[in-house]
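Here are some friendly notes to read with the structure open beside you. Take the points one at a time, and look up each residue as you go.

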Amino acid sequence: MRLSLFVKISEIRGSNPLKNKIHIYLTQTNATWYKKLKKENKVIEFRDLFIASCSIFLSIPLLTLNKNHFERIKKIELFDERLLN
């Protein structure tokens, strides 16, 4: 089960408290979104959830060609590719 993978990530311990906080935040965010999307029958791959969690954590917009997946996550800000032209 993918949810168990998120739990395994949160079990990683080290001497760096910031690193632990980041792991815990990403794990909780992934688990929350996975449950929400599963309930709506809109699950996306766990790697995409991890990418989305990192983008949310760092407060940076995400540039992707796979908008269909990432638009399912309400909190994420997608980069407007029109700005590249």
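The points below go from the overall fold to single residues.

1. **What you are looking at.** Please keep in mind that this is a predicted model.

2. **Surface and contacts.** Of the protein's 85 residues, 29% count as buried. Its accessible surface comes to about 6200 Å², and 57% of that belongs to carbon and sulfur atoms. Now consider contacts between residues at least 6 apart in sequence: 42% of them join residues at least 24 apart.

3. **An aromatic pair.** Searching the whole structure turns up 1 aromatic pair. Its partners are Tyr 25 and Phe 57, with 5.1 Å centre to centre and 45° between the planes, and the pair is described as tilted. Why is this pair worth a look in terms of sequence? Tyr 25 lies in helix H2 and Phe 57 in helix H3, so the pair ties together parts that are 32 residues apart in sequence. Tyr 25 counts as partly exposed, because its relative accessibility is 26%, and buried would mean under 20%.

4. **A nonpolar patch.** Together with Leu 58 and Ile 60, Phe 57 makes a nonpolar surface patch of about 270 Å².

5. **The salt bridge.** How many salt bridges does a search of the whole structure find? The search finds 1. The side chains of Glu 45 and Arg 47 meet in it, at 2.2 Å from N to O. In general, side chains of opposite charge can pair when their charged atoms come close. Both ends are partly exposed: Glu 45 has a relative accessible area of 33%, while the value for Arg 47 is 47%.

6. **Asn 41 and its backbone.** Asn 41 has a phi near 60°, a positive value in a residue other than glycine. That deserves a second glance because most residues other than glycine have a negative phi. You will find Asn 41 in the loop between H2 and H3. Is Asn 41 buried or exposed? At 70% relative accessibility, Asn 41 counts as exposed.

7. **Ser 59 and its backbone.** Ser 59 is another residue to check: its phi is near 55°, a positive value in a residue other than glycine. With 63% relative accessibility, Ser 59 counts as exposed, because exposed means over 50%.

Methods:
Residues numbered from 1 in each chain as written. Predicted model: local features only at pLDDT ≥ 70, side-chain atom pairs only at ≥ 80, totals over all residues. Heavy atoms only, no water. Patch = residues over 30% accessible without salt bridge, like charges linked within 9 Å, V, L, I, M, F, W, Y side chains within 5 Å. Areas by Shrake-Rupley, 256 points an atom, 1.4 Å probe, with all protein chains shown as cover. Salt bridge = Lys/Arg side-chain N within 4 Å of Asp/Glu carboxyl O. Buried < 20%, exposed > 50% of the residue type's maximum accessible area, 1.4 Å probe, protein only. Contact = heavy atoms within 4.5 Å. Phe/Tyr/Trp six-rings, centres within 6.5 Å; stacked < 30°, edge-to-face > 60°. Helix = DSSP H or I, 4+ residues; strand = E, 2+ residues; numbered from the N terminus.
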